[in-house]
Amino acid sequence: MIDTMGIIIASNINIPPLTDIRSASALPIAGGYRIIDFVLSNMASAGLENIGVATEANYSSLMDHIKSGSPWDLDRKNRGLNILPPNIGKNSVEIIRGDLDILSGIREFIHRSRETYVILSLGSNIYSIDFNKVIESHKEKQADITIVYKDLNGIDQKELSRFTLLEVDEDKNITDIEVCPYYPKSTCASADVFVMERMLLESIVDECSARGSHDFIKDAIAKKMSGLRMYGYEHEGYTDKIDSMKSYYNNNMKFLEKEMQEEMLKSDLPIYTKNRDLPPTKYGSDAEVVNSYIADGCIIEGTVINSVLSGNVVVKKGAVVKNSILMQGDIIHEDALLEYVVLDKEVEITAARKLIGQENYPLPVAKGTVI
Amino acid sequence: MNAKDCVAMILAGGQGSRLGALTKNVAKPAVPFGGKYRIIDFPLSNCVHSGIDTVGVLTQYQPLELNTYIGNGGPWDLARNYGGVYVLPPYQSAKAGEWYKGTANAIYQNLSFLDRFCPKNVLILSGDHIYKMHYGEMLKEHKKSGAAVTIAVMPVPWEEASRFGIMNVDENGIITEFEEKPANPKSNLASMGIYIFDYKILKKYLEDDERNPESSNDFGKNVIPQMLGNGEKMMSYRFEGYWKDVGTVQSLWEANMDLIDAPPKFEIYDDSWSIYSRNTALAPQYVGKNAKITESTVTQGCMIYGEVSHSVVFSNVQIGENSKISDSVIMPDVKIGKNVVINKAVIGSGAIIEDNAILGVNEDEKSKYISGMCTNGIVLIEGGATIPAGEDIPKGSMVEVE
């Protein structure tokens with residue numbers, strides 16, 4: 001869709017210590033990917049050629065990951081992929097208190113773009129969505145704003161309260177929006193994907209920031225309900241957002257399920273990511289690896305069970321890694337034992353140490369720590 | 001424009017007929033190797049790590065895949081404004097047009113390419129060797145000695161010396177005699193097919209060689225002996241380390257196995273000398289609940305549900321439940337069903353091995369698949385071939401696409 005541009009607002013969710021050094025959108029997931037790869041690849045697959053990634057802080061890791069945009073075939077002569085650091089225009093506010101402030105900061109980018117439509121999304125969601133279908137539905141319904149949602153009917157109330165919930169009638173008309181309500185009235189969770197005309201976004205951002213608003217959904221979308229035709233687009237497949245250590249852990253583990261792998265990574269909508277020239281992963285003569293997702297460049301001589309390993313991880317003889325997430329360059333020495341842990345990059349666990357978290361409370365370890 | 005100190009020319013032209021079905025549709029340098037690479041990645045990566053940023057790749061058989069693979073050279077950091085990597089096929093000029101007649105003729109036909117860069121030295125490489133070598137060190141020695149040509153040599157076991165081009169050298173490393181595959185070798189220093197020439201001298205000899213109708217226009221057979229006869233200063237450069245010619249099915253299989261021995265005979269886990277290759281990022285490998293992988297390398301996109309031991313598995317390979325793979329090389333996109341047994345085999349890209357097939361286990365000299373290409377009992381399956389369910393493919397077979 002050459003008439004559509006994309007805007008991704010990088011996540012500012014705090015998941016210490018993992019987000020101390022990077023935006024949550026740049027967090028490694030499923031061994032080889034970063035969270036932002038999902039929305040970015042979906043946009044690229046839909047043929048979008050002008051994509052801006054708006055960032056708030058901590059964006060060097062994100063920039064390093066995205067660079068020229070070539071893995072998404074977005075290294076183009078004109079347009080392509082743009083990283084938009086905060087405060088680039090004169091309209092910017094000094095303190096960013098919400099995503100509306102970020103959008104206001106990139107107003108010039110929105111204004112200068114030429115596409116008719118815009119897909120606006122938050123960079124913290126995991127899904128594989130054919131955005132062309134969303135845009136088709138948007139045009140067909142002659143909607144002012146289309147919001148992608150997933151009906152989470154059946155999950156418990158506390159889980160539901162993590163999401164922005166939409167009330168949707170039979171015609172997919174959105175009648176109400178509530179952001180993370182304590183007592184949910186609806187089970188339709190927003191996937192944080194909004195489609196509208198670019199001019200409409202520009203005028204909403206302009207109007208709301210002029211009135212001192214900061215939050216895109218609460219102040220802009222929810223308050224403008226009455227005057228706009230708002231429709232929901234139901235996504236049948238998987239969707240979740242990364243907003244806590246628990247959701248980060250669970251979403252990684254989800255990739256060990258065959259259905260998830262097939263839906264997310266082996267479908268017609270490929271997920272692209274930066275290629276790091278790693279050699280193949282090597283298994284030693286005593287290696288025991290079961291039900292695990294493993295990136296390239298690892299050297300495994302020990303045991304790995306129900307775990308997700310990023311590139312260049314070393315698991316030495318006698319070491320056991322169970323139900324854990326290991327990021328790039330971790331080294332697990334002889335006879336160490338890890339269960340329910342999340343190791344950030346370049347962590348070293350020395351010989352025979354034991355580190356055990358719990359399923360509902362995985363134990364995180366900050367980048368570069370030696371234990 | 002600045003003159004280049006050294007330009008590399010990779011001879012990637014050979015038909016690779018001894019690789020049998022593997023080179024039916026691709027040139028030898030584009031044959032997959034080592035789980036994530038192609039053979040040509042090794043000389044190309046060596047060039048980049050050695051500070052050589054201008055490389056010509058001379059090719060004439062099945063160039064499509066090699067062309068597509070090399071593209072703009074970006075994966076090897078060879079997408080340069082002045083220099084970079086060029087694929088050089090034979091072409092029709094105003095005066096003449098012909099296939100590359102021999103290694104020397106291939107360079108001769110591309111003198112105009114070399115002239116563009118006014119190189120002081122030209123490095124001639126072969127596109128079918130697996131090794132890591134710092135050509136910069138060799139270039140330094142070449143300059144220091146002021147030789148017309150410096151030839152890389154390595155000691156080989158005496159009993160194998162008669163398979164190689166053997167250099168006899170004096171105590172200073174000056175080459176005194178060259179014998180192509182001698183019956184009674186006087187030395188065990190084999191030529192590795194790596195030459196650094198002073199460009200002006202090379203150009204003169206290539207022009208002379210071209211005028212000689214008797215010549216077969218080959219470096220080893222003609223140009224080197226001619227230079228030696230004329231008393232040019234020719235130096236040897238000793239290389240010690242892993243080096244393997246992967247021109248046959250057996251040597252290709254062996255070189256893959258060399259990566260997974262413990263400790264490996266050839267180390268690719270070396271940050272300071274990464275081997276670059278063109279590949280898109282795929283999903284990580286998934287190792288299933290009943291899978292068992294030992295002494296092997298496996299790479300991205302694979303889904304392993306069976307057992308893999310002492311094997312090299314390339315990207316996007318699927319291995320079904322209860323299948324047992326040992327001592328094998330499984331090239332990209334191969335699909336292996338359930339209860340399959342594969343032993344000591346090279347399976348070409350995209351082949352499909354259906355359930356219950358048995359490869360490389362039984363002996364049957366009368367089988368229609370037995371091939372002279374497959375020495376030492378190795379089984380070779382052509383890329384894209386399908387082995388039907390339950391089929392028994394005996395040791396030493398080559399199965400081609402019909």
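This is a predicted model: local features need pLDDT of at least 70, side-chain atom pairs count only at pLDDT 80 or more; totals for chains, interfaces and linings use all residues.
**Entry 1**

I then checked who supplies chain A's share: A:Pro280, A:Lys282 and A:Tyr283 give 24% of the area that chain A buries against chain B, more than any other three residues. As for contacts, I found 33 residues of chain A touching 37 residues of chain B.

How many salt bridges does the rule find across the interface of chain A and chain B? I got 1. The side chains involved are those of A:Asp296 and B:Lys36, at 2.7 Å from N to O. Polar contacts between chain A and chain B came to 19 residue pairs, both partners at pLDDT 80 or more.

Next I asked which elements of chain A give two or more residues to the side touching chain B. They are α10 (258-265), β14 (281-283), β15 (288-290) and β16 (292-294). I sorted that side of chain A by class, too: 16 nonpolar, 11 polar and 6 charged residues.

**Entry 2: strands pairing between chains**

I followed β16 of chain A over to the partner chain. It is joined by 3 bridges to strand β14 of chain B (residues 285-287), and the two run antiparallel.

**Entry 3: a sheet inside chain A**

Parallel or antiparallel for the open sheet of 5 strands in chain A? Parallel, in the order β15-β18-β21-β24-β27. I marked β15 and β27 (354-356) as the edge strands, each pairing on one side only. Neighbouring strands in this sheet are turned by 5 degrees against each other on average, direction ignored.

I zoomed in on one pair, β21 (residues 320-322) and β24 (residues 337-339) of chain A, which pair in the parallel sense over 3 bridges. There A:Val321 stands opposite A:Leu338.

**Entry 4: salt bridges elsewhere**

Searching the whole structure over all chains gave me 41 salt bridges. I picked out A:Arg22 with A:Asp344, at 2.8 Å from N to O. This pair links distant parts of the chain, 322 residues apart. A:Arg22 sits in the loop between β1 (4-9) and β2 (28-29), and A:Asp344 in the loop between β25 (341-343) and β26 (348-349), both loops in chain A.

Conventions:
Residues are numbered from 1 along each chain as its sequence is written. Chains are lettered from A and ligands numbered from 1 in the order in which they are written. Side-chain values use heavy atoms; hydrogens and water are left out. Contact means heavy atoms within 4.5 Å. Buried area is the accessible area (1.4 Å probe) that two parts lose on being put together, summed over both. A salt bridge is a side-chain nitrogen of Lys or Arg within 4 Å of a carboxyl oxygen of Asp or Glu. A polar contact is a pair of N or O atoms within 3.5 Å; within protein, one must be able to donate a hydrogen and the other to accept it, and residues adjacent in sequence count only if both atoms are side-chain atoms. Helices (H or I, at least four residues) and strands (E, at least two) are DSSP runs, numbered from the N terminus. Ala, Val, Leu, Ile, Met, Phe, Trp, Tyr, Cys and Pro count as nonpolar, Asp, Glu, Lys and Arg as charged, and the others, Gly among them, as polar. Two strands pair if DSSP finds at least two bridges between them. Axes are lines fitted to C-alpha atoms, for helices over the stretch in contact, and angles run from 0 to 180 degrees between N-to-C directions.
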